There are 2 protein chains.
Amino acid sequence: MTLKLYELVGTDEARPFSPFCWRTRMALAHKGLTAASIPWRFTEKALIAPHGAEKVPVLLHGDKPVVDSWVIANFLEDAFADAPSLFGGEGGRAVMRMLNWWGDIAVVGGIFPLVVADIPAHLDERDAAYFRASREARLGKPLEEVAAGRDKGVVGFRKSLDPLRLTLKTQPYLGGVAPNYADYIVFGGFQWARAVSPFKLLEAEDPVYAWREKLLDAFDGLARKSPGFAV
Amino acid sequence: MTLKLYELVGTDEARPFSPFCWRTRMALAHKGLTAASIPWRFTEKALIAPHGAEKVPVLLHGDKPVVDSWVIANFLEDAFADAPSLFGGEGGRAVMRMLNWWGDIAVVGGIFPLVVADIPAHLDERDAAYFRASREARLGKPLEEVAAGRDKGVVGFRKSLDPLRLTLKTQPYLGGVAPNYADYIVFGGFQWARAVSPFKLLEAEDPVYAWREKLLDAFDGLARKSPGFAV
C-alpha cells in the first residue's frame, strides 16, 4: 500500500516547515517507511478538504486518509507494529499524549512568537497575505512588533525547556537510550524554526542543543539535509 | 522483607504532606504494598543521614535504603515486577522521567508560592523557624509577601496545567484508562497542598478537579482519608 504525505511548504517545494509534519516525517523514518511528499500551501484548503482535513499533515495510506500528527503516529504504530516502536509500549503511548500537548504548548507555542515574523518571506503572495492576516488577528499585533520582543522572549522559552534539559542529564533521549516519538514531538518544533528563521533559539552549550544535533543527524541526516538555516 | 517509609510530617504525625512522599505512598498502594510510616521532620537530618539521604522519602526495604521518589518508583517497579506496573513498560518509564521533571517544576514549583505561607502553622517551633528561614532565603521575601500575590498567581498556575487538562479530554488518566505513576507524580503536588492549605487551587468545573477527585478516592480513599482541607 503506498504512503503519501501532504506537507506544508512555501515557495520552495523542497523545504517543508510545519512542526507537525516534521513529527510525522521523523515517525515515518523511525518505522523505516517512505512516503511520497505532496507539497501543500496554507491557502490550498480545497485540496485536503476531501480527506476531511483542514490542516496538514494528512497521510494517505492507499486511499485512506489519516489526519492529525498524533492520530498518524498512532496509526503508524498500529499498522506497522513489527517495525521499531514509536511509543515503547502502551504506557509510553498514554504518557506521550500529554507530552504531545506539552510540545504543542511549550515548544511550538513558545517558538511561535520567536520565528513568526520570518515566515511570510518563505511564502508566495497569496499565502503570505493569509498568514499575516490570520496570525496578526491571533496575536493582536503586527508580526514585526511580535518579533521586536524576541531577544527578551527567548530567555523565557529556553527556561521553559527545563523539563527536557533536566531529563537529558540522565538519559540521551526522551525515549530513553534511543529516540522515539517523544523526541520527534519536541524536535518537530525546532526543525520548523530551522526551516524558516535564522533566529538562534538555543545556546551551543545547552544540552538541548546537543540533543537537537543528534536528531538532525538521525536517519542519515534526514532533517539536516532539508533546507534550513544553520542555527 | 519489610518496607518502611520515612515521611515528612509536622506536629501531626498522621498528616504526611510532602508531594514527593505522596508520590511514593500512591506508588506503594498501586503495587499492593504497605510500608510502615516513620514520621520525619525537616530538622531531623541526622535520622536519615545514615541512609545516605538529606530529604525524604526514604524507603527501607529490609535494611536497604532507597532514596528519592523517582529512584523509589523505579525500585518498586523492578523489585515487584509481578504487581501492577507503575510505568506501563519501558517507553512509559523513559517518558515519565520527563513528566517527573514537569511535575517538579510546573506542579510542585507552581503550587509552592500558593501554599508556602500556610506551612509553618503545621510545624513545631524548631521546624517552623528552619522552614521560614530557608524558604524566605530561596524566595527572597517574607512568606506573607509571597502569599499576598496568590490570588493572582493561581491564574497562571491553572493555565500551566493545560497539557494535563487537554490530555484528560481524551483519556481518563495520564496513565491511560487507569492511573499509574504518571498520575501520582502530579497528584502528589495536589495532595501536599490539600494537607497544608485551605487555598483553592482548582475550580470545581475544571477537568483537573474531577481527575483529582478520582485520585482522592483511589485505593479505598487512601489520600482522601489522610488529614487535609476540603478544597
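Where is the place of B:Asp68 in chain B? In this predicted model, B:Asp68 lies in the loop between S4 and H3 of chain B. The phi angle of B:Asp68 is near 95 degrees, a positive value in a residue other than glycine. Most residues other than glycine have a negative phi. The two elements on either side of this loop, S4(B) and H3(B), also belong to the sheet and helix arrangement described next.

In chain B, four strands form an open sheet in the order S2-S1-S3-S4, and the pairing is mixed. From one strand to the next, the twist averages 25 degrees. Helix H1 (residues 19-30) of chain B packs on this sheet and touches S1, S2 and strand S3 (58-61) of the chain. The direction of H1(B) makes about 150 degrees with that of S1(B). Helix H3 (residues 69-79) of chain B likewise packs on the sheet, where it touches S3 and S4 of chain B. Between H3(B) and S4(B), the directions make an angle of about 125 degrees. Strands of a sheet pair through backbone hydrogen bonds, either parallel or antiparallel. In chain B, strand S1 (residues 3-8) and S2(B) run parallel and are joined by five bridges. Within this pairing, B:Tyr6 has B:Ile38 of S2(B) as its bridge partner.

Besides packing on the sheet, H1(B) is in contact with two further helices of chain B, H9(B) and H10(B). With helix H9 (residues 181-196) of chain B, the axis of H1(B) comes within 7 Å and crosses at roughly 135 degrees. Because of this angle, H1(B) is oblique to H9(B). The crossing of H1(B) past H9(B) is right-handed. On the side of H1(B), the contact is made by B:Pro19, B:Trp22, B:Arg23, B:Met26, B:Ala27 and B:His30. The residues of H9(B) in this contact include B:Tyr181, B:Tyr184, B:Ile185, B:Phe187 and B:Trp192, as well as B:Gly188 and B:Gly189. By class, the contact of H1(B) with H9(B) has nine nonpolar, four polar and one charged residues.

The axes of H1(B) and helix H10 (residues 207-225) of chain B come within 11 Å and cross at roughly 65 degrees. H1(B) and H10(B) are therefore roughly perpendicular to each other, and their crossing is left-handed. H1(B) contributes B:Trp22, B:Arg25, B:Met26, B:Ala29 and B:His30 to this contact, while H10(B) contributes B:Leu215, B:Phe219, B:Leu222 and B:Ala223. Seven nonpolar, one polar and one charged residues make up the contact of H1(B) with H10(B). B:Trp22, B:Met26 and B:His30 take part in the contacts of H1(B) with both H9(B) and H10(B).

Chain A also contains an open sheet of four strands, in the order S2-S1-S3-S4 and with mixed pairing. Strand S2 (36-40) and strand S4 (64-67) of chain A each have a single partner strand, so one side of each is left without a neighbour in the sheet. Five bridges connect strand S1 (residues 3-8) of chain A with S2(A) in the parallel sense, and A:Trp40 in S2(A) is the bridge partner of A:Leu8. Helix H1 (residues 19-30) of chain A lies across S1, S2 and strand S3 (58-61) of the chain and runs at about 150 degrees to S1(A). Helix H3 (residues 69-79) of chain A packs on the sheet against S3 and S4, with its direction at about 125 degrees to that of S4(A).

A cis peptide bond is found in each chain. In chain A, the bond from A:Val56 to A:Pro57 is cis, with omega near 5 degrees, and A:Pro57 is placed in the loop between helix H2 (45-48) and S3 of that chain. In chain B, the bond from B:Val56 to B:Pro57 is cis, with omega near 10 degrees; B:Pro57 is in the loop between helix H2 (45-48) and S3 of chain B.

Between the chains, 26 residues of chain A are in contact with 26 residues of chain B. The buried area amounts to about 2,000 Å², of which carbon and sulfur atoms give 76%. In chain A, A:Val95, A:Met98 and A:Trp101 lose the most area to chain B, together 31% of what that side buries.

Note on methods: Residues numbered from 1 in each chain as written. Chains lettered and ligands numbered in written order. Predicted model: local features only at pLDDT ≥ 70, side-chain atom pairs only at ≥ 80, totals over all residues. Heavy atoms only, no water. Pairing = 2+ DSSP bridges. Axes fitted to C-alpha atoms, helices over the stretch in contact; angles between N-to-C directions. Contact = heavy atoms within 4.5 Å. Parallel < 35°, antiparallel > 145°, perpendicular 65-115°, else oblique. Left-handed = near helix turned anticlockwise from the far one by under 90°. Nonpolar A, V, L, I, M, F, W, Y, C, P; charged D, E, K, R; others polar. Buried area = accessible area lost by both parts, 1.4 Å probe.
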